[in-house]
Amino acid sequence: MNISTERAGIAFLLGASMLLPSLVFAQDLGVSASVNAQATTSVRTTLMQNAVTRAGQEIDRRIAALQRLNARIQEMRKVTAEFKQNLNTNIQNQVSGLTTLRAKIEADTDAATLKADVQTIGAAYRVFMLIMPQAAIAAAADRVVVAVDMLVGIGNKLQARIDAAAQTGADGTALKAALTDLGAKLSTAQTEAQAAVTGSAALAPDNGDAKVMASNTSALKAARTHVQDAHAALIAARKDVTTILQGLRSINVNATTTVQVQ
Amino acid sequence: MKWIIGIIVIVAAAGALWWSGFLQPWIFPQPSTSDTQAQAPAPQSTSGLPTADTDTSDSALVQDTAAVDAELQALGSDSASVDQSLNDKPVEQAY
């Protein structure tokens, strides 16, 4: 496997993964940003108070999840600062919308208005349920690319060590085979990560359409499988590294040092 | 008289050496090799590894593999987050 070719492929992956998720995060949660400050003279019933409490719990839960997501997005290393800033802005806007909705619901004293406001939480949830997996998948794919890049770097070093061993007359056939397998596993991880992003990033909210909802769910689950497959390929690649390090130690290329293998 | 001529010759010779730069290392000591090395920037890794791309030593590989292991562990957490997001359950609303 040509390592430099893989690196070029990785660069392609990064380029592709930068743009697609941003389209998704431009979606509107559907939360009204305006606060109806008009208070009626109606007295809240127990049912209404219960509705306000539950709505607040759900809104707080979503805000916390969005903020955790945003923190993770800011840790992504294979996307541009502009991309991260764009996501940050969109998420903050949505958090702001939810906060505004929460204030409106708490101020509602009319049962009909409260009911309408609470029902917007359910409508917005369909968008939330799309955005969260999309971003989580993008973050995982980003991590896969980071790991692939690092393992490519290790592969290059191991190649140099194997070449050095060959110059001393050692048989490096098995090590070269492991190195080739390492390259193949990294290529698989890269392909799976790209498939995860491609298959999930462009999905649009279902807007209540059951068929679209089912299609989105299916696509997101497929993307999750791609992430899992990429993870498995990276673990296999890491085992190849261990195999090569153990082989180099047995060849004892450098008798003055000890290779520590995990 | 001989003393005066001798002093003039010595001063002239010293001046010629100074002018030619021969005495510069003694007058203005040059930074040592180790100082130069200390000021040189450390080789950077373009692959995200904690060691330089050209460092193929055993110790470098130990650090590199440890860094990869940390990323793989974090990837496990990311993967769990994907699962969690797909299995999210909202708080049941009254309406």
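Chain B comprises 4 helices and 0 strands, helices (H or I, at least four residues) and strands (E, at least two) being DSSP runs numbered from the N terminus. The order of elements in chain B, read from the N terminus, is α-α-α-α. The model is a predicted one, in which local features need pLDDT of at least 70 and side-chain atom pairs count only at pLDDT 80 or more, while totals for chains, interfaces and linings use all residues. Residues are numbered from 1 along each chain as its sequence is written, and chains are lettered from A and ligands numbered from 1 in the order in which they are written.

For the complex, the predictor gives an ipTM of 0.77 and a pTM of 0.73. Chain B has a mean pLDDT (the predictor's confidence in each residue, from 0 to 100) of 76, with 56% of its residues at 70 or more. Within chain B, helix H4 (residues 58-86) has the highest confidence, at a mean of 97, and helix H2 (residues 24-27) the lowest, at 44. Over residues 22-38 of chain B, pLDDT stays under 50, and the model has 5 contacts beyond four places in sequence for this stretch; two residues are in contact if their C-beta atoms, placed from the backbone, lie within 7 Å. Where pLDDT is low, the predicted coordinates should not be read in detail.

Of the 95 residues of chain B, 18% are buried (20 or more other C-beta atoms within 10 Å of the residue's own; exposed, 12 or fewer; partly exposed, in between; C-beta atoms placed from the backbone). The contact between the chains takes 52 residues from chain A and 32 residues from chain B. On the chain B side, these residues divide into 14 nonpolar, 9 polar and 9 charged (Ala, Val, Leu, Ile, Met, Phe, Trp, Tyr, Cys and Pro count as nonpolar, Asp, Glu, Lys and Arg as charged, and the others, Gly among them, as polar).

In chain A, the axes of helix H2 (residues 46-74) and helix H3 (residues 81-107) come within 10 Å and cross at roughly 170°. H2(A) is therefore roughly antiparallel to H3(A) (over 145 degrees; under 35, roughly parallel; 65 to 115, roughly perpendicular; the rest, oblique). Axes are lines fitted to C-alpha atoms, for helices over the stretch in contact, with angles from 0 to 180 degrees between N-to-C directions. Residues in this contact include A:Ile59 and A:Leu66 of H2(A) and A:Ile91 and A:Leu98 of H3(A). By class, the contact has 13 nonpolar, 7 polar and 4 charged residues.

A:Val212 lies in helix H6 (residues 210-251) of chain A and counts as partly exposed because it has 15 C-beta neighbours inside 10 Å.
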